[in-house]
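Look at the fold as a whole before any single residue. Then follow the text from the overall shape to the details.

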Amino acid sequence: MANINKILIIYLATDLLFVLGGALLFGTALIFEAKIQTAPSLDSAPTILLFKQVPLQGAAVNAVFVFATFAISLPGVLMSDNRFWLKLQGWLIIVCAGFTLVLGLIIWYDTLQTRAELNVLWGQESTAMQSLLQQAFNCCGYLNSTSPSFVQDSTCISPLIAAGMLGCVGPFSNFSNSTLNLVFTAGFGIVALDVILLICVAVLLKDRKEKHRYRLIDAKSEFAVI
C-alpha cells in the first residue's frame, strides 16, 4: 500500500505541474497577444515587434490540449481499477510534448535567422515604431544611420549626430536573441516535464497491472480452497 501511495503521489504531483505548464503557456499567449494589440510605447515597442513573430496562437492551442489531457487524467485517478484513461492520457501527453517541441524548434530556428528577419521587420514598420525602437536602444537607423535612413527624433536629432551613433541591428539582435532563448528554453523545459509525466503514467500503469494480476491470483487461490 505504501508503494502504491508513493507512486500515485508522484504521479499526481507531476500531473499538477503538467497542467500548471499549460496554464503558463495559455497565460503567456493571452498576455502577449493583448500587448500586441495595444498602442506601442517606448518600453513595449521592442517586445511587441518581436512577439509578432512568435506563434502565440499555437501556444494557446497547445495549452488547450494540455487542459484536455489533464481532464482525462481525473477519471484515471478516481477509477483505480481502470487503465483505459491512463493509456489515453499517455497518448495525449505525447501529442502535447510533440506540439510544444515543434513550437520551441520554430522559435529556436528564428534565433538563427534573427538579423535577416529583423531587417525585414524594421522595413515593414512605421516611422513612429522605428523612432520608438531607436529611442529604446539608443541607436539610429538599422544597420547604420543611412541604411535604412534613420528617423529624426529625440535620440537621432540630426544627420551629424545620427552618423556618430551605432545602428539598431546590434542591440535589437541581442535583445531578440536573449528573449527568444528564454522562451524556447522554457518550451523545452515543458517538454521535459511532459516526458517525466509520461514515465509516471507508465509506472502507474505497470503498478496497476501487477496489482490486478495479484488480485486474480488471490481470487483463484480462494476458489481452489473452496
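Helices (H or I, at least four residues) and strands (E, at least two) are DSSP runs, numbered from the N terminus. This is a predicted model, in which local features need pLDDT of at least 70, side-chain atom pairs count only at pLDDT 80 or more, and totals for chains, interfaces and linings use all residues. Residues are numbered from 1 along each chain as its sequence is written, and side-chain values use heavy atoms, with hydrogens and water left out.

Start with the overall layout. The chain has 8 helices and 0 strands. Read along the sequence, the pattern is α-α-α-α-α-α-α-α. The radius of gyration is 26 Å, well over the 17 Å that the globule rule gives for 226 residues, so the chain is more spread out than a compact globule. That radius is taken over C-alpha atoms, and the rule is 2.2 Å times the number of residues to the power 0.38. Along its principal axes, the C-alpha trace spans about 105 × 25 × 25 Å.

Next come the contacts, meaning heavy atoms within 4.5 Å. Of the contacts with a separation of 6 or more, 74% are between residues 24 or more positions apart.

Residues 59-78 are 100% helix and 0% strand, with end C-alpha atoms 29 Å apart. Residues 90-109 are also 100% helix and 0% strand. Their end C-alpha atoms are 28 Å apart.

Now go inside. Buried means under 20% relative accessible area, exposed over 50%, and partly exposed in between (1.4 Å probe, protein chains only). Of the 226 residues, 39% count as buried. A nonpolar core is a set of buried Ala, Val, Leu, Ile, Met, Phe, Trp, Tyr and Cys residues joined through side-chain atoms within 4.5 Å. The largest one has 15 residues, and Trp122, Leu133 and Phe172 have the most contacts inside it. Helices H2 (45-51), H5 (114-124), H6 (127-137) and H8 (169-225) each supply at least two residues of this core. The largest share, 4 residues, comes from H6. Leaving aside residues up to four places away in sequence, Phe172 touches Pro46, Leu49, Leu118, Trp122, Leu133 and Phe137. A second, separate core of 11 residues includes Phe18, Val66, Ile93 and Val201.

Charged pairs come next. A salt bridge is a side-chain nitrogen of Lys or Arg within 4 Å of a carboxyl oxygen of Asp or Glu. The whole structure holds 2. In one, Glu125 pairs with Lys52, the closest N and O atoms being 3.7 Å apart. Glu125 lies in the loop between H5 and H6 and Lys52 in the loop between H2 and helix H3 (56-78), so the pair ties together parts 73 residues apart in sequence. Glu125 is buried at 16% relative accessible area, whereas Lys52 is partly exposed at 40%. Lys206 also forms a salt bridge, with Glu210, at 2.6 Å between the closest N and O atoms. Both lie in helix H8, 4 residues apart, about one turn of the helix.

Finish with the backbone. Most residues other than glycine have a negative phi, and most peptide bonds are trans. The bond from Ser147 to Pro148 is cis, with omega near -15°. Pro148 sits in the loop between H6 and helix H7 (159-163). Asn138 is found in the loop between H6 and H7. Its phi is near 55°, a positive value in a residue other than glycine. Asn138 counts as exposed, at 51% relative accessibility.
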